[in-house]
Amino acid sequence: MQKHVSRHNVMATSCALAGALALSLTAGGTAQASDPLQYVALGDSYSAGSGVLPVDTSNLLCLRSTANYPHVIADRTGARLKDVTCGAAQTKDFTSSQYLGVPPQVNALGADTDLVTLTIGGNDNGTFINAITSCGSAGLLTGGKGSPCKDKYGSTFADEIKNSTYPALKNALEAVRAKAPNARVAVLGYPWITPEKADPSCYLKLPIASGDVPYLRDVQTHLNAAVERASRETGATFVDFAEVSDGHDACTPLGTRWIEPLLFGTSLVPVHPNALGERRMAEHTMKVLGLE
């Protein structure tokens with residue numbers, strides 16, 4: 001009789017343990033495999049990987065790549081990605097439609113969003129495109145001599161960034177926070193486009209006057225500083241590329257450069273990250289976020 005009772009007790013205890021284990025599995029106990037990160041990617045062409053093949057054919061207007069840094073992050077972390085990045089996006093396109101049929105980017109966010117990454121601000125006021133095209137045109141006219149772009153525009157680009165782009169960045173990031181209150185938000189800076197000093201061998205690829213090369217670098221410094229400030233003030237994590245992208249600008253050789261030059265490059269979209277650049281942007285972001 002005593003043996004029968006013992007076997008009964010053992011069976012009861014085993015059943016209780018099994019039940020507890022099952023409960024822990026369904027209730028999110030330590031034995032449960034963690035759910036994948038709910039990851040939403042926002043931003044402009046640097047986020048979209050515009051010009052990098054293969055192209056995401058689900059929305060050709062946005063010129064989005066399936067090899068952009070959000071896809072690299074998702075592939076390496078197992079995150080569940082919703083990619084609404086779009087080439088030429090400005091901060092206003094976070095809360096309004098960029099194109100007919102393209103919803104505001106923040107509409108992709110929700111209370112269940114765990115991670116948000118984005119690169120934005122370079123298209124506001126036409127900062128990047130105006131600076132590059134204006135300085136490129138001026139550089140051609142002077143044969144690469146002097147600083148015609150700096151002489152003509154002075155602090156114009158920096159002033160626009162401070163007075164217009166920065167507050168727009170802050171508003172956009174506040175909209176992201178409102179739609180995804182539980183998410184970790186990572187805001188990526190822009191990798192260097194130009195070297196610190198002019199490289200005469202680069203003139204044919206990036207026809208900017210020697211004195212305007214550091215001028216453009218300074219404009220980009222102002223932009224990244226505005227992005228960092230807006231990130232800090234809205235509780236986001238700023239991913240700084242000032243150090244890691246140094247020596248990988250558009251004037252460096254293929255295989256080293258992260259950014260393609262204006263002329264004679266390999267990308268469909270010049271002055272944008274190539275596939276290597278998108279991978280390195282992903283890797284540095286994962287390192288900063290501790291997702292390696």
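The charged end of R217 sits over the ring of W192, 3.8 Å from the ring's centre. A charge sits over a ring here if NZ of Lys or CZ of Arg is within 6 Å of the ring centre and within 35 degrees of the ring normal. R229 does likewise with Y166, lying over its face at 3.9 Å from the ring centre.

A quick word on ground rules: this is a predicted model, where local features need pLDDT of at least 70, side-chain atom pairs count only at pLDDT 80 or more, and totals for chains, interfaces and linings use all residues. Residues are numbered from 1 along each chain as its sequence is written, and side-chain values use heavy atoms, with hydrogens and water left out.

**Aromatic pairs**

- Searching the whole structure turns up four aromatic pairs; rings of Phe, Tyr and Trp (its six-membered ring) pair if their centres lie within 6.5 Å, and planes under 30 degrees apart count as stacked, over 60 as edge-to-face and the rest as tilted.
- One of them is F128 with Y190, an edge-to-face pair at 4.9 Å centre to centre with 70 degrees between the planes.
- F128 belongs to helix 4 (residues 127–141) and Y190 to the loop between strand 4 and helix 7, so this pair ties together parts that are 62 residues apart in sequence.
- Both F128 and Y190 are buried (buried means under 20% relative accessible area, exposed over 50%, partly exposed in between, with a 1.4 Å probe and protein chains only).
- Y153 and F157 have ring centres 5.2 Å apart and planes at 35 degrees, so their pair is tilted.
- Y153 is partly exposed, at 23% relative accessible area, while F157 is buried at 3%.
- Y46, F128 and Y190 are linked by ring pairs into a cluster.

**The sheet**

- Five strands make an open sheet in the order 2-1-3-4-5, with parallel pairing; helices (H or I, at least four residues) and strands (E, at least two) are DSSP runs, numbered from the N terminus, and two strands pair if DSSP finds at least two bridges between them.
- Strand 2 (80–83) and strand 5 (237–239) each have a single partner strand, so one side of each is left without a neighbour in the sheet.
- Strand 4 (residues 184–188) pairs with strand 5 in the parallel sense over three bridges, and A186 stands opposite T237 in strand 5.
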